[in-house]
Amino acid sequence: MTNPLLSSFELPPFSAIRAEQVEPAVRELLDRNRAALQSMLNTDQPTWDAIVAPLETMQHRLARTWSPVSHLNGVMNSDELRAAYNACLPLLTAWHTELGQNERLYAAYESVLENEGATLAPAQRKLLENALRDFRLAGVALPADKKARFKSVMEQLASLQAKFDENVLDATNAWSHLVTQEHELKGLPPPIVARAKAAAAEKQETGWRFSLDAPNYQAVLLHAEYEPLRRLFYEAWSTRASDQGPAAGQWDNTALMEQILALRFELATLVGFANYAEYSLATKMAKSIGEVGGFLEQLAAVAKPVAQREFGELETIAGRTLNAWDVGFYGERLKQQRFDLSEEALRPYFPAPVVLKGMFAVAEKLYGVKIVARDRFEKYHEDVQFFDILNGDDSLRGSFFIDLYARAKKRGGAWMDECVGRMSMQSSRHLPVAYLVCNFMPPSKSANGSKPSLLTHSEVVTAFHEFGHGLHHMLTRIDYPSVAGINGVPWDAVELPSQFMENFAWREEVLPLISAHIDTGEPLPAAELKRLQGSRSFQSGMQTVRQLEFAMFDFRIHAEYRPEHGGRIAPILAEVREQVAVVKAPAFNRFPQSFSHIFSGGYAAGYYSYKWAEVLAADAFGAFEEHGIFNSSTAQKFLHSILEKGGSRDAMEAFIEFRGRKPKIEPLLKQMGLAA
Ligand SMILES: [Zn+2]
């Protein structure tokens, strides 16, 4: 029987994939790759066609096999799949490190650039330059023993980081809470209560059972009038995978964090950097530790006094000192008072199908494409939908899966991931396919039929954000996978298209497209929209200092790690909080233990990227505000200079080409209401 993961599929054959096929497929591909690489390197004339194109092709093939596995592990986790996934991580890491450390391959790339550089397209040259940089970052020039150590460090890191994520997922899944007294539910939105009621009924319990997923957690923190309930949820959430809270010690990430930091430090110093923050910046738009530090300090100086004032207002309306679990609740009260606006009350205007249709219409207007649902495709879960993006002449440009709703065994948060990357090299042609994943409240099913999922406006913004990443991946015109779409884009520029896209979800030109009341079909009334827009910069000082706390903490633990004193995780967090935070975190708070972005995701010494890219996004959107948000020449320029180019050109040059100058911070400060 052939292994479906090795068959020549375009879209993943989800229903045929079995956990036991994963490791054999990956091993088989890696064996084939190693053999092919050997014979490629025997050529005495290294050229683009003889070396680079075949290597891009084999990496693309490997990614197409691995992507559905890694995706299913994130959205349909099971013990078997997790074991298979984990078994492959060291194999894949070993392969990538071998490639990065292969001196013959390095020399071959150097001579391709030297011999053909003048005749190659700019995207091809950029690919070669990135590759040569990455060879150096992988220790290609190291002596054999250090190379071996580098490789082993990479493999250990891959496993430890995966373990970090598992602990967070397991700790989150393990906790739930049964409410038996109805008065404790006061203030909670009816759909959240109905969902908890159904969850309890499923277990033959009387009452309301709440899991710890994002919709429940946010609803309780923002709306539950019963303070002990808020505290309970806050404690469960902020102690996940730690030595504190209801499952103290059971999935504790504390030791893992130290190990991860130590290995990252070792990795960076092996290839000649003083610390991991420097190593991280070698592939980013920001040039130095000082530049990042200065940027964060500059924002802190503007935001901290505003945040203090905002926090003071909250304590005034609460009439008491506020705990961390009270801040969201009183924030919501103040927001209601000030703007006569409740996130929950707006849900009926945003049925998920309406939001998607309107969001697609925005992309259609901007970029002259068409987005159409494909009915026949292979699903891995009944919630999944599939869409094609067509060019003006109806030719296919790219496609995407969209998986909107929270469920058990699905990683929290929202993200875009690559299913297939665009490629046109030699005989290999592929159009890009993306996964867009969110964790919104599922549609409710009852005896009277089902009701679509109703989104809050902030969930609408999240959908626009991920769709922005998706467009970056799917609209690319670059044919070489390593620099197509989001590949090869510096991490601190990769949030530009996503945060840029968020802006549309706030505009009066767009709201009629994305809103239609579930009962009346009315779009969001103009007065509501005004209030909503007014609320956009609500508590932006507090939100900014919170992001700065994460960014400074992340950057400092990576910049300041030393073997003699370790990560100093808790003291650095305390110092950062002292510097920027306005909400006092309780002693049991262990937020780093579930900070997956930096301990298991790609944001290590890079969390600042969100703020960095927000500057780019707000400034880029400024061009649309100046010329009309659907102005087609502005949109075409953005498409051609930035979206289509992916990682095939320098991010700063691309920005300057679009905007006619370097980015400025002022549009962001203005957007957040922080401008002087
Ligand atoms: Zn993003």
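User: How much space lies in the largest cavity?

Analyst: About 140 Å³. Note that this is a predicted model.

User: What makes that space a cavity and not a pocket?

Analyst: A 1.4 Å probe fits at the points of a cavity but cannot get out, whereas a pocket is an open set. By this rule, one cavity of 30 Å³ or more is counted.

User: Which residues line the largest cavity, and which lie nearest its centre?

Analyst: The lining has 17 residues. Nearest the centre are Val489, Ile642, Gly646, Ala651 and Ala654. By class, the lining holds 10 nonpolar, four polar and three charged residues.

User: Which helices supply at least two residues each of that lining?

Analyst: α24 (632-643) and α25 do. The largest share, three residues, comes from α25.

User: Why is α23 called roughly parallel to α25?

Analyst: The axes of α23 (residues 609-627) and α25 (residues 651-659) cross at roughly 20 degrees and come within 11 Å. Angles under 35 degrees count as roughly parallel, so α23 is roughly parallel to α25. The crossing of α23 past α25 is left-handed.

User: Which residues make the contact of α23 and α25?

Analyst: From α23 come Leu616, Asp619, Ala620, Gly622, Ala623, Phe624 and Glu626. From α25 come Phe655, Phe658 and Arg659. Six of the contact residues are nonpolar, one is polar and three are charged.

User: Why are α12 and α13 called roughly perpendicular?

Analyst: Helix α12 (residues 289-318) packs on helix α13 (residues 324-339) at an angle of about 85 degrees, with the axes 10 Å apart. The range 65 to 115 degrees counts as roughly perpendicular, and therefore α12 and α13 get that label.

User: What makes up the contact of α12 and α13?

Analyst: α12 gives Phe311, Glu313, Leu314, Ile317 and Ala318. α13 gives Val327, Tyr330, Gly331, Arg333, Leu334, Gln337 and Arg338. The contact residues divide into seven nonpolar, two polar and three charged.

Key: Residues numbered from 1 in each chain as written. Predicted model: local features only at pLDDT ≥ 70, side-chain atom pairs only at ≥ 80, totals over all residues. Heavy atoms only, no water. Axes fitted to C-alpha atoms, helices over the stretch in contact; angles between N-to-C directions. Helix = DSSP H or I, 4+ residues; strand = E, 2+ residues; numbered from the N terminus. Parallel < 35°, antiparallel > 145°, perpendicular 65-115°, else oblique. Left-handed = near helix turned anticlockwise from the far one by under 90°. Contact = heavy atoms within 4.5 Å. Nonpolar A, V, L, I, M, F, W, Y, C, P; charged D, E, K, R; others polar. 1 Å grid on protein atoms, 1.4 Å probe; cavity = no way out; pocket = protein on both sides within 12 Å on 5 of 7 lines; lining within 4 Å. Points joined across faces, edges and corners; volume = space filled by probe spheres on them.
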